[in-house]
Amino acid sequence: MDERNVKKAVFLVMLPVFVLACFISACQSSEAQSTGDRTDDVVAYESVLICRGDTLWTIAEANLDQPTAAEIRQHVKEIAELNDISPAHIHAGNYLLIPRYKDKEV
């Protein structure tokens, strides 16, 4: 291969890597922005005992006032991230930290 073909090959390999890196960076930035607004509203954290049969969904639902499915899903994600766990891997007898938020002003 001559030098020109080597440069072309390197470019063709590096271009998709660069595009993927930009995409990942943009996704992380928008996710941090959406959850960042919510963390500013946290006023306290509560420790909750996980009981037999509990799921992160039922715990999140019980700790929100009249939640929609989207709000519960977001709260499950927040609880999992806060406790550094997978939603599928909670165990009875363990404790979770649950964020408590400011009341929304009407």
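**Figure 1. The salt bridge between glutamate 46 and arginine 100.** In this predicted model, glutamate 46 pairs with arginine 100 in a salt bridge (a side-chain nitrogen of Lys or Arg within 4 Å of a carboxyl oxygen of Asp or Glu), and their closest N and O atoms lie 2.4 Å apart. The pair links distant parts of the chain, with glutamate 46 in strand E1 (residues 42–49) and arginine 100 in strand E2, 54 residues apart; helices (H or I, at least four residues) and strands (E, at least two) are DSSP runs, numbered from the N terminus. Glutamate 46 counts as partly exposed because its relative accessibility is 34%, and arginine 100 counts as partly exposed at 25%, where buried means under 20% relative accessible area, exposed over 50% and partly exposed in between (1.4 Å probe, protein chains only). The structure holds one salt bridge. Side chains of opposite charge can pair when their charged atoms come close.

Residues are numbered from 1 along each chain as its sequence is written, and side-chain values use heavy atoms, with hydrogens and water left out. Because the model is predicted, local features need pLDDT of at least 70 and side-chain atom pairs count only at pLDDT 80 or more, whereas totals for chains, interfaces and linings use all residues.

**Figure 2. The largest nonpolar core.** This core has 13 residues, of which Leu56, Ile59, Ile79, Leu96 and Ile98 touch the most other members; a nonpolar core is a set of buried Ala, Val, Leu, Ile, Met, Phe, Trp, Tyr and Cys residues joined through side-chain atoms within 4.5 Å. Helix H2, helix H3 (69–83) and strand E2 each supply at least two residues of the core, and H3 gives the most, with four residues. Leaving aside neighbours within four places in sequence, isoleucine 59 is in contact (heavy atoms within 4.5 Å) with Ile50, Asp54, Ile90, Leu96 and Ile98.

**Figure 3. Helix H3 and its buried residues.** The 15 residues of H3 should span 21 Å at 1.5 Å a residue, and the end C-alpha atoms are 21 Å apart, which agrees; the expected span is 1.5 Å times one less than the number of residues. The buried residues of H3 are Ile72, His75, Val76, Glu78, Ile79, Ala80 and Asn83. Isoleucine 72 is ten residues from alanine 62 in sequence and 9.3 Å from alanine 62 in space, C-alpha to C-alpha. Alanine 62 is found in helix H2 (residues 56–62) and counts as exposed, at 62% relative accessibility.

**Figure 4. Two residues with positive phi.** Glutamine 66, in the loop between H2 and H3, has a phi near 45°, a positive value in a residue other than glycine, and this glutamine 66 counts as exposed at 78% relative accessibility. Most residues other than glycine have a negative phi.

**Figure 5. A nonpolar patch on the surface.** Tyr45, Leu82 and Leu97 form this patch, with about 270 Å² of accessible area together. Leucine 97, found in strand E2 (residues 95–101), is partly exposed, with a relative accessible area of 37%. Patches are made of residues with over 30% relative accessible area and no salt bridge, like charges being joined within 9 Å and nonpolar side chains (Val, Leu, Ile, Met, Phe, Trp, Tyr) within 5 Å, and accessible areas come from the Shrake-Rupley method with a 1.4 Å probe.
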